[in-house]
Structures are given as structure tokens and as C-alpha cells.
Amino acid sequence: MTTPAPLKKDPMKAFRGIMAGTLILEVIVMALALPVIAKLHGGVTSLVGWIAFAFIAVFIAMCAFVRRPWAITAVVALHVLLIATWLLLPAMGVIGVIFGLVWAYLLWLRRDLLKRMAEGRLPAQQAEAQAQQAEAQAQAPQAE
């Protein structure tokens, strides 16, 4: 079996952008939960409010670290903690469950992308392999 053609553009770079975008969407949703916290739990300066602000800050900070090998583990751990906040405020727990499912889907997509890259089945890899074959065929008659 031949090795897959190297890619000019890194598909994982685009995938890291998707992960960072998902974290920002999560920040927006958490910020929209702040009025609920203010109404139900004695304001945003309560314990639940500070926890929500901490999650917002950590999710924003994680955007800078999505390229690190430990980032996915950290994001999963953050979502486990976010789901655990169900005990303090069920609305935050629901946010954790919903985005936990989103991240489970993203991790499945990541695994599939890595598998396709290893097998050489990405469209960019196939196009490059075809271009190399055409170039080799064009040079073959010249060698005779």
C-alpha cells in the first residue's frame, strides 16, 4: 500500500478553528444564562454567578490552547464540571449536557478526519495524487 500524499493545507488547522468557534458559542450561551442567575440566585455576585464567570473566562482562555495536545482532555473535563453544576443551577447543567453532546460529535468528526487522512481518502490528497500521476505519465514519454 502506498503512503498518502502529503497535504499542502492542514485540515486539523481548520478543525481547531471549529473547536475555538464552538468554545466562543459556549461563552455566548453562558453569558445569556447570567440573567437567569441574576433572577434566581441572588444576583451575579452570588456563588453561582462567580462560577458562571469562571466558566466564561476559562472557555475564552481555552480558545488559545486548542492546538495543544491536552486541550481536548481539558475541554471534556470542563464539560463534566459544567454538567456537575446542575446541582447549583439546573440551567447551567442543561447547557453542559447540550454542549457535551456537541463536543462528543466534534470528537467523532475529528476521529473520522484523522482516519481519512491516514488512509489518504481526503479529496485534497486524492487530487494531489492524481496530479502527481499525470505529471509522471507526462514525463514518461520524454524519457524514451
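Valine 94 lies in helix α5 of a predicted model. Its relative accessible area is 36%, so valine 94 counts as partly exposed. Val94 is also one of the residues in a nonpolar patch on the surface. The protein around it has six helices and zero strands.

**Surface patch**

- The nonpolar patch consists of Ile83, Trp86, Val94, Val97, Ile98, Leu101 and Val102.
- Together, these residues have about 580 Å² of accessible area.
- Helix α5, which spans residues 90-119, gives the most to the patch, with five residues.

**Overall make-up**

- From the N terminus on, the order of elements is α-α-α-α-α-α.
- Of the 144 residues in the protein, 32% are buried.
- The protein exposes about 9,300 Å², and carbon and sulfur atoms supply 68% of that area.
- Among contacts with a separation of 6 or more, 64% are between residues 24 or more positions apart.

**Nonpolar core**

- The largest nonpolar core has 31 residues.
- The residues with the most contacts inside this core are Leu23, Met30, Ile37, Phe55, Phe59, Leu82 and Met92.
- Two or more core residues come from each of α1 (11-32), α2 (34-40), α3 (47-62), α4 (71-84) and α5.
- Helix α1 gives the most to the core, with seven residues.

**Methionine 92**

- Met92 is among the core residues with the most contacts inside the core.
- Leaving aside neighbours within four places in sequence, methionine 92 is in contact with Met30, Ile37, Val48, Ile51, Ala52, Phe55, Leu82 and Thr85.
- Of these partners, Met30, Ile37, Phe55 and Leu82 are also listed among the residues with the most contacts inside the core.

**Threonine 22**

- Threonine 22 is in helix α1.
- Its relative accessibility is 8%, so threonine 22 counts as buried; the cut-off for buried is under 20%.
- Not counting residues up to four places away in sequence, threonine 22 touches Phe99, Val102, Trp103 and Leu106.
- One of these partners, Val102, is also a member of the surface patch.

**Two residues side by side**

Notes
Residues numbered from 1 in each chain as written. Predicted model: local features only at pLDDT ≥ 70, side-chain atom pairs only at ≥ 80, totals over all residues. Heavy atoms only, no water. Patch = residues over 30% accessible without salt bridge, like charges linked within 9 Å, V, L, I, M, F, W, Y side chains within 5 Å. Areas by Shrake-Rupley, 256 points an atom, 1.4 Å probe, with all protein chains shown as cover. Salt bridge = Lys/Arg side-chain N within 4 Å of Asp/Glu carboxyl O. Helix = DSSP H or I, 4+ residues; strand = E, 2+ residues; numbered from the N terminus. Buried < 20%, exposed > 50% of the residue type's maximum accessible area, 1.4 Å probe, protein only. Contact = heavy atoms within 4.5 Å. Core = buried A, V, L, I, M, F, W, Y, C linked by side-chain atoms within 4.5 Å.
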